[in-house]
Amino acid sequence: MNRRTRDTRTRTRTRGALAAVAAALLLGACAGNATPAPPAPAPSAASPLPDTAPTPQGLLLTADFGADTVSFVDPERGTVASVTVGRSPYGTALGADGRAWVATAEGVAVVDTRTRVRTALIPYRTGTGPVTDGEYRGGGMGIALSPDGAHAYVGVNVPGTTGVLEVLDTARNEVTAAVPVGRRPFDVDVSADGAEAYVTGHDSFDVTVVAADSLRARRIEVAPYGTEGGLGSWLKPHHAVVRPTDGHLLLPFEGERLAVVDPRTGRTRIEPMTADTHQHGAALTPDGRLLVVGTGAVRPGDGKGPSLTVRAPDGAERVYPLQGPHEDVAVSRDGRTAYVTGGYTRDGYWNGITVVDLDTGATRRLAAGARPLGIAVL
């Protein structure tokens, strides 16, 4: 019996137990104990930006899940400014006009990144219960902008039930529609032509395809390991990217399987991956390489440690080790550097970013933000 077969059978035997734990705790997400991360680097000595100075290009913007802020981060020196946006910010989307749209527990914050001022906090149309912190909090999670910047799409978590995709008019700063989607919408993506939004439902093992014009929704199950583990399963979708060459969705699982989903037909093809680690955030480089963040083994001895996978369009992979769990990733404009956030949705996070040279795999840890999750390059 080979190792992969043993791992799969081990996962199958443990799903029942995990489901029971999840039901008892009323949790709907990744279950298990996270590996403690190494200590965060010392706070950055970067000088703050003067309030009246324009924001330099090339800074990073992080959503600080451990605070009520977004941070402006110099990739060499660390945090240079922070702006209060709302409780427990999760995902962020950056528009061509310099406005950032940040999904918080309270609403969608709008930040002028040139002046570092929050210009609006748009409340959700959907009731999400008390405003709280932590992995299972209600409110916005994944967020994306239409290609023309006219609409923002935010996945809203409603604890204990299915989520909602809320559509915002970015000129009027208001919610114009709400569409039911899967449970705990970790990620939202938009097709290159803006015709569809794709919502990754973590706890419902699916992607909901929402037509931008009619708002009609259809569900595609994405469960390469099956769904029998239910809420307690680790083997769920987290983040997706849209492949520009054909519009297919790429969803990594466990450093073992890449689900390639055709949103037009609903068909899924599985390709092998090599990192053997629980995977979360994903991004594409300008030349089409897929970057995937590995958070570490779900249980001691069942998989490898944290990593960043760099996958070429032909499927060849390089796996670069990271220190401690990480969550999401963004890419420099020249495609040579990755910025991986240390926030992580579970315990074991750290307050910083790992900077990865994509040519050599060399890494550098940078103190930044407060449990940073979402990240964008200005």
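These legends walk through several close-up views of one predicted protein model.

The model is predicted, so local features need pLDDT of at least 70 and side-chain atom pairs count only at pLDDT 80 or more, while totals for chains, interfaces and linings use all residues. Residues are numbered from 1 along each chain as its sequence is written, and side-chain values use heavy atoms, with hydrogens and water left out.

Figure 1. Helices (H or I, at least four residues) and strands (E, at least two) are DSSP runs, numbered from the N terminus. The protein chain has 378 residues, and 58% of them count as buried. Here, buried means under 20% relative accessible area, exposed over 50%, and partly exposed in between (1.4 Å probe, protein chains only). The accessible surface comes to about 14,800 Å², and carbon and sulfur atoms hold 52% of that area. Accessible areas come from the Shrake-Rupley method with a 1.4 Å probe, and for residues only the protein chains shown count as cover. Among contacts in the chain with a separation of 6 or more, 50% are between residues 24 or more positions apart. A contact means heavy atoms within 4.5 Å.

**Figure 2. Strand β6 and its partners β5 and β7.** Two strands pair if DSSP finds at least two bridges between them. Strand β5 (residues 99-103) is antiparallel to β6, with 5 bridges, and a hairpin of 3 residues links the two. Within this pairing, Ala100 has Val111 of β6 as its bridge partner. On to the next pair: β6 (residues 107-112) meets β7 in the antiparallel sense through 6 bridges. Val108 stands opposite Ile122 of β7, and Ala109 faces Leu121 of β7. The hairpin of β6 and β7 has 4 residues between the strands, and Arg116 takes a positive phi near 60° there. How many residues of β6 are buried? The count is 6 of its 6 residues, and the strand is mostly covered.

**Figure 3. A closer look at Ala120 in strand β7.** Strand β7 spans residues 117-123. Is Ala120 buried or exposed? Its relative accessibility is 16%, so Ala120 counts as buried. Leaving aside neighbours within four places in sequence, Ala120 touches Val108, Ala109, Val110 and Asn173. Gly107 is 13 residues away from Ala120 along the chain, and their C-alpha atoms are 9.5 Å apart.

**Figure 4. An open sheet of 4 strands.** The strands follow the order β12-β13-β14-β15, with antiparallel pairing. Why do β12 (185-190) and β15 (217-221) stand at the edges? Each has a single partner strand, so one side of each is left without a neighbour in the sheet. On average, neighbouring strands of this sheet are turned by 20° against each other, direction ignored. For that angle, axes are lines fitted to C-alpha atoms (for helices over the stretch in contact), and angles run from 0 to 180 degrees between N-to-C directions. Strand β14 (residues 206-211) runs antiparallel to β15, and 5 bridges join them. Val210 sits opposite Ala217 of β15.

**Figure 5. Thr200 in strand β13.** Strand β13 covers residues 196-201. With a relative accessible area of 1%, Thr200 is buried. Beyond neighbours within four places in sequence, the contacts of Thr200 include Arg184, Pro185, Phe186, Asp187, Asp206 and Val207. Pro237, His238, Ala240 and Leu251 are also among them.

**Figure 6. An aromatic cluster of Phe65, Tyr90 and Phe186.** Rings of Phe, Tyr and Trp (its six-membered ring) pair if their centres lie within 6.5 Å; planes under 30 degrees apart count as stacked, over 60 as edge-to-face and the rest as tilted. By this rule there are 2 aromatic pairs. Phe65 and Tyr90 are edge-to-face, with 6.2 Å between centres and 80° between planes. Phe65 lies in the loop between β1 (60-64) and β2 (69-74), and Tyr90 in the loop between β3 (78-84) and β4 (92-94), so the pair ties together parts that are 25 residues apart in sequence. Tyr90 and Phe186 are also edge-to-face, at 6.2 Å centre to centre and 75° between the planes. Phe186 is in strand β12, so this pair ties together parts that are 96 residues apart in sequence. Phe65 and Tyr90 are both buried, and Phe186 is buried too.

**Figure 7. Two arginines over aromatic rings.** A charge sits over a ring if NZ of Lys or CZ of Arg is within 6 Å of the ring centre and within 35 degrees of the ring normal. The charged end of Arg257 is placed over the ring of Tyr225, 4.0 Å from its centre. Arg365 lies over the face of Trp350, 3.7 Å from the ring centre.
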